[in-house]
Amino acid sequence: MTALGTIDGTNLNGGQKLAVKYFCVAAILFGAQIAFGLLAGLQYLIPDFLYEVLDFSINRMVHINAMVVWMLFGFIGSAYWLMEEESGIPVVGLKLGNLVFWIFTAAVAVVVAVYLLVQIGPGEHSTLWLITEGREYIEAPRWADIGIVVCLLVFFFNAAATFNKGKWTGIGGVLVLDLIALFGIYLAGMFYTTNISVDQYWWWWVIHLWVEATWEVLVGVLMAYGLMTVLGARRKIVETWLYIEVALMFGSGILGLGHHYFWIGTPEYWLSIGGFFSALEPVPLVAMVVHAVFDSGVHKMRSSNHPAMAWLIAHAFGNFFGAGVWGFMHTLPQINLYTHGTQWSASHGHLAFFGAYATINIAFFYIAMQKWRGNVWMSGDLVGGWKWKWSMVLLNLGMVGMTMGLLVAGYEQSQIERAIEGSTWAGYFAAQAHPWFQQGMFWRMIFGGMFAAGYVLLVLDLLTIGRHETRPAQNVSAGG
Amino acid sequence: MTTEIWWASGIFWRKTAIWVTAGSFVVLVFLTFDSMSQITAGTKRVPAYSAINHRIEYRFDEARHVQVPVIGAEEPLFGRKLTEQEAEALVDKGKLTVQAKNCMSCHTLLGNGAYYAPDLTKAWLDPFWGSREMREELMVEFIKDPSDKLHNGLGRRMPRLGITDEEARAVVAFLKWMSTIDTNGFPYNFKPLDQEN
């Protein structure tokens, strides 16, 4: 054993060694997401910037794809992280899991290289198979889709076989069942059809049922484990909460899918079903806030890992505001008729993905760093503790600023382009040229820069936190 | 330990979670079958591809209080009437091109996609094209090489995407067909191109 405070793989179990590999790639892709977001944001202000070199379409595609993949890598890593502790045995088929990690990472690199260098192809099926599928969020070409399914199946095998051979906990059970849904749903996005209404119907099965159902349940699992690890919360409490959250999340989220079926050609009954169930979607998010904040209070804010705890709380509030409040604001069809397809959606997308998913992944990065350095002290009076606090402030403030800039632009667009000008192209450009829109985009850029600075500091902090620390982690497991 | 109250028990909530999830999913599957039957091409809401042989209008419906697409008199695209198979093949080529060129990463289709460029749901009916007679050729030329065409006062331009003449015509067919879909009144309050003269 090396000294406390040194990064050493022997501090980790097998699953955790694989987890930190996933976390490293996730953190790098997070950086790529931000970089391409900045480029795309700049093109709103300087339209000729990189014209016909790296057009907005390419930057935006890499921006959102890097996001999906880094969050997925973070989730997979987090699942491997908790697998052995939860099941009580080493990961079954870990070698295969390791192999798949390298294949998955190489495939992502090839897909991104093709996005950047080849970009588009002729209007033929070969383009969809080899270059891009051209469907937002799931642009990855078909060969990559098949690769993703194979990789996820191996990951699923690791999880299911490990819990099955060891012991099933509530966390393990929900995780494995959720993974089945995750894979099954991805298949719905893997075919081509001429009919755009049918295309978008199934496309939303992937996008919505991932992001607003299975991913939300997955972060419920991570939150439960996180609270036990960081606060020493009792299993019985967090697992009961987890079941409540699953009931509320799937109960509202599965039929909440209907809020994407207002305007794509689907029947009118979706206006009522989608409006009603999506209005309920914030309920589980409120429950999560109550759960996390109440538990912290019960434990008098005494945690073994302050940065992780802070990011778990940020997750609870970010999920509630970003996904819950910002989603609810424009989910009823009576308002969505005007806001659908405006910067309003971009505002919601930014705050929701960050609040719900980036935050909890960052919490797990901190949990991992702590153990990787031999379960080092990460509570109060941390050496260099300003770094995690400042990166957290910059990231959160940067995100809120971007969200607000986009929201102002979205309000203006709904009003001028949609309500007044009647949604013509002339109306669209009248709204895009309006000073309120331009100011929104300008401030989005400024706060995007702040967010990027927060990211740099976050990476720096993750690499150095606990380095000169000699105290072992604060023990929180006692009591309840 | 005290005896557990039912609403605080893990087992109760686990059962609830399973039943709620299964129940919601069954309802979704049922609704999906129904929706599919209503959005297959050739139905009332999503017309057949041969609709591109006709004039498409977007008129206010007094009963529903929104605008709905109306398929009018015969007005074949590029002056040539197509059979159902020919029309489907052409629209299919257009849809493939729309995906292969990643149109959705700047534009929205039926309101979904990116917000850097205008929505294409009613591109066929947009007054931007000036007149009915000019529209088809202007659209084809614009799609093939937009870089030197009039766009807007912002300086924001669509790039050249290497779209061939055949692909451009197919994209126009796809856009014309898409404008026939009943989208429950989205976009609202739209002022279509004057097609009377």
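Q: In this predicted model, does Tyr116(B) count as buried or exposed, and on what neighbour count?
A: The model is predicted, and Tyr116(B) is placed in the loop between E4 and helix H3 (132-144) of chain B. A residue is buried if 20 or more other C-beta atoms lie within 10 Å of its own. Because Tyr116(B) has 21 C-beta neighbours inside 10 Å, Tyr116(B) counts as buried.

Q: Which residues are in contact with Tyr116(B), leaving aside its neighbours within four places in sequence?
A: Along the chain, Tyr116(B) and Arg156(B) are 40 residues apart, and 8.8 Å separates their C-alpha atoms. Contact is judged on C-beta atoms, which must lie within 7 Å. With neighbours within four places in sequence left aside, the contacts of Tyr116(B) are Phe56(A) and Cys106(B).

Q: Which element of chain B gives the most residues to the side that touches chain A, and how many?
A: The contact between the chains involves 70 residues of chain B and 68 residues of chain A. Helix H1 (10-39), helix H2 (84-100), strand E3 (108-109), strand E4 (112-113) and helix H4 (165-178) of chain B each supply at least two residues to that side of chain B. By class, the side of chain B that touches chain A has 34 nonpolar, 21 polar and 15 charged residues. The element that gives the most is H1(B), with 14 residues.

Q: What is the relative direction of H5(A) and H6(A)?
A: The axes of helix H5 (residues 142-165) and helix H6 (residues 170-186) of chain A come within 10 Å and cross at roughly 160 degrees. Angles over 145 degrees count as roughly antiparallel. Therefore H5(A) and H6(A) are roughly antiparallel.

Q: How many nonpolar, polar and charged residues form the contact of H5(A) with H6(A)?
A: The crossing of these two helices, H5(A) and H6(A), is left-handed. Residues of H5(A) including Ile148(A), Leu152(A), Phe156(A) and Phe163(A) meet residues of H6(A), among them Leu175(A), Leu179(A) and Phe183(A). By class, the contact of H5(A) with H6(A) has 13 nonpolar, one polar and no charged residues.

Q: What is the class composition of the contact of H13(A) with H14(A)?
A: Helix H13 (residues 343-372) and helix H14 (residues 386-420) of chain A pack at about 160 degrees with axes 6 Å apart, which means that H13(A) is roughly antiparallel to H14(A). H13(A) passes H14(A) in a left-handed crossing. Among the residues making the contact are Trp344(A), His350(A) and Phe354(A) of H13(A) and Met399(A), Leu406(A) and Gln413(A) of H14(A). By class, the contact of H13(A) with H14(A) has nine nonpolar, seven polar and no charged residues.

Q: How far apart are the end C-alpha atoms of H3(A)?
A: The buried residues of H3(A) are Gly97(A), Val100(A), Phe101(A), Phe104(A), Val108(A), Val111(A) and Tyr115(A), and what covers them includes helix H1 (14-45), helix H2 (56-87) and H5 of chain A. At 1.5 Å a residue, the 24 residues of helix H3 (residues 94-117) of chain A should span 34 Å. In agreement with that span, the end C-alpha atoms of H3(A) are 35 Å apart.

Q: How many of the 22 residues of H8(A) are buried?
A: The 22 residues of helix H8 (residues 235-256) of chain A should span 32 Å at 1.5 Å a residue, which agrees with its end C-alpha atoms being 30 Å apart. H8(A) is mostly covered, and its buried residues number 19 of 22.

Key:
Residues numbered from 1 in each chain as written. Chains lettered and ligands numbered in written order. Predicted model: local features only at pLDDT ≥ 70, side-chain atom pairs only at ≥ 80, totals over all residues. Axes fitted to C-alpha atoms, helices over the stretch in contact; angles between N-to-C directions. Helix = DSSP H or I, 4+ residues; strand = E, 2+ residues; numbered from the N terminus. Parallel < 35°, antiparallel > 145°, perpendicular 65-115°, else oblique. Left-handed = near helix turned anticlockwise from the far one by under 90°. Contact = placed C-beta atoms within 7 Å. Nonpolar A, V, L, I, M, F, W, Y, C, P; charged D, E, K, R; others polar. Expected span 1.5 Å × (residues − 1). Buried ≥ 20, exposed ≤ 12 C-beta atoms within 10 Å, placed from the backbone.
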